[in-house]
Each structure stands twice: as structure tokens, then as C-alpha cells.
Amino acid sequence: MPLSEIDITRGIIEDFTEEFTGSLQMDVAVIGGGPSGITCAYYAARKGLKVVVFEKKLHVGGGMWGGGMLFPRIMVQEEAVDIPREYGVNMRPRGGYYIGSSVEFVAKSVASAVDAGSRIWIGMTVEDVVIREEDRVAGVVINWGAVEAAGLHVDPLALEAKVVIDATGHETSIARTLQRKQPGPQINTETGEVIGEKSMWAEMGEREIVENTKEIHKGLLVCGMAANAVYGSPRMGAIFGGMLLSGRKAAELAAGIVKESQGN
Ligand code: 48H
């Protein structure tokens, strides 16, 4: 069969459009494809939830690629090592921790999330959320990352989600957007604001990140670095166990919220 430019063009457009239109209403929208977002997507999809990860860059992985100061290694503590091992990452014991290649970590965690059934869309920025009755976060407002980078005025599109997860890392962009646009007691009921992360303290940052992984507004969860930014907890440097445990906890919380919404 001779190659046809038109068939290739049609194939690409139609195939992705099918996936896109089939995802206009999802269970869980994960914003950010770093370690916490990918882990959240993996566990949520394993529970049978319909999950889409939105990543504004052309690649997923977030802060995983660079390991620590570009040394391509990821270290996790004992409590978290079952997660990369489940992904199939070769994690070796080292000085009381476990260590593996950051490139292998990205490749295998992302492959696991895809194989579990989550959809991962790159080059898409979540620029806002959809709000419904009782001030509930009910979806995401998306645009092309390239449109945002070029500063073009292009109106976005919206998708519905039963739960939205801010896994945007240090940027914490979804919680901050909500704080700016929906001020009031609804945002982070305990602190009333996005404080921003504190300076590095690995022990405390890792301890608090799982506790900080929660629903901060009806329909919006935070996980990963965004969780510590919302609650003003310290950063932790190049240790990634907390990101994985936080992502897994977010998936469990999201499944509970989806189940509750189905009961109503
Ligand atoms: C779509 C977006 C948007 C948006 C951002 O930074 P990440 O790797 O986040 P985490 O929390 O999973 O992991 C944090 C870890 O990588 C880290 O930085 C650590 C451990 N730091 C410790 C320290 O002391 O420094 O990934 C977030 C992802 C990125 O890929 C962004 O491009 C993406 O989210 N993103 N995607 N729409 N509005 N905002």
C-alpha cells in the first residue's frame, strides 16, 4: 500500500479525537505528571477509575528526571520502596535507603500508569477549574501549553471530573488559582490560604507530606509538593518516597469521593 499523507493525518486526528471526546467526563483529573501525579494516576486507574493526567510540558516525569542536582538517581526510604518495585524499577539498598535510576523510574512509572488504564495528555495546561453548586470543584479548564507559552488569547475548553487533583509540584498552580478566584473559608479550611513551602528539612517535609495530602476544597485534592505548599510544610530535597506515598494516598481519597458521588 503506498503511503498516504491524508491517511496519516486522518488517523492521528480521528484517533486522538475519539480518546478526547471519550474523556469529556472523567472520574479523576490529575494535574501534573510528576512522581506524585503519576503515582496517583496509577493507583486510581488500578481501582477502575477513569483517569486523565494533564501535563503542560511535552514530557511527563516532572522533577524525577534530574534526580538530585542532575545526578540521575532517585532515592526513597523503606516505607515507599514497594511503589517503585511495583512499577518494576530496580531499586537497590544503599545506606539505609533504596536507590534507582531516574530515567528508569520515569519510564517504568509512566508505563505502569498507562498500562493500568490512565490516559496521559501532554502539552496541555490546566488554567482554571470548573465550579458548580455549593462551590464544588467539578472539572478542569484546559488549553494548549504552547498557547500559554506564546501568550496568545485563545479561549479554553472545559471537561468534567468528579475529583480534581493538584499535583503541580512547587507551582501549586491549581490551589493558587482557586485561592485567587474563590476566596473565602472554603479554601484550605485549616489555614485559609496557600502559604507556600518552607525551606528544606527532609525529615519534616517527608513526614508532613502524606498528612497534608487531602481535600482542600470540595472536589479538589492536593498531593506531592503542592500539598506541602498549601500547608506551609518544608521542602525535602532529592528524596522521593513522600511524593509516591502522597500520590497513592490521593488515589485512595479520590476513590472514596467518587464512590460517595455515585451513592448520591
Ligand atoms: C498542567 C502542570 C501545571 C498546569 C504544573 O514538580 P513535580 O515533579 O511535582 P511532584 O509534587 O509530583 O514532585 C515533586 C518533586 O519532583 C520535587 O520537586 C521535589 C521532591 N522537590 C523537593 C525540593 O526540595 O525541591 O511535577 C509537577 C508537574 C510538572 O511536570 C509541571 O510541568 C506540571 O506538573 N504542571 N501541568 N497544568 N497548570 N502546573
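1. A polar side-chain atom of Ser-36 lies 2.8 Å from an oxygen atom of the ligand, a polar contact in the sense of a pair of N or O atoms within 3.5 Å. In this predicted model, local features need pLDDT of at least 70, side-chain atom pairs count only at pLDDT 80 or more, and totals for chains, interfaces and linings use all residues. Side-chain values use heavy atoms, with hydrogens and water left out, and residues are numbered from 1 along each chain as its sequence is written.

2. Arg-235 also places a polar side-chain atom 2.6 Å from a ligand oxygen atom, while at Pro-35 a polar backbone atom is 3.4 Å from an oxygen atom of the ligand. Taken alone, the ligand exposes 800 Å², of which the protein buries 93% (Shrake-Rupley areas with a 1.4 Å probe).

3. The shell around the ligand holds 28 residues, and the closest are Ser-36, Glu-55, Met-225, Arg-235 and Gly-237; a residue is counted if one of its heavy atoms lies within 4 Å. By class, the shell divides into 10 nonpolar, 13 polar and 5 charged residues, with Gly counted as polar.

4. Which elements give two or more residues to this shell? They are α2 (35-46), β2 (51-55) and β7 (124-132), and β7 gives the most, with 3 residues.

5. As for the overall fold, the protein has 9 helices and 11 strands, taken as DSSP runs (H or I, at least four residues, for helices; E, at least two, for strands). The radius of gyration is 18 Å, close to the 18 Å that the globule rule gives for 264 residues, so the protein is as compact as a globular protein of that length; the radius is taken over C-alpha atoms, and the rule is 2.2 Å times the number of residues to the power 0.38.

Terms used:
Polar contact = N/O pair within 3.5 Å; in protein donor to acceptor, adjacent residues only side chain to side chain.
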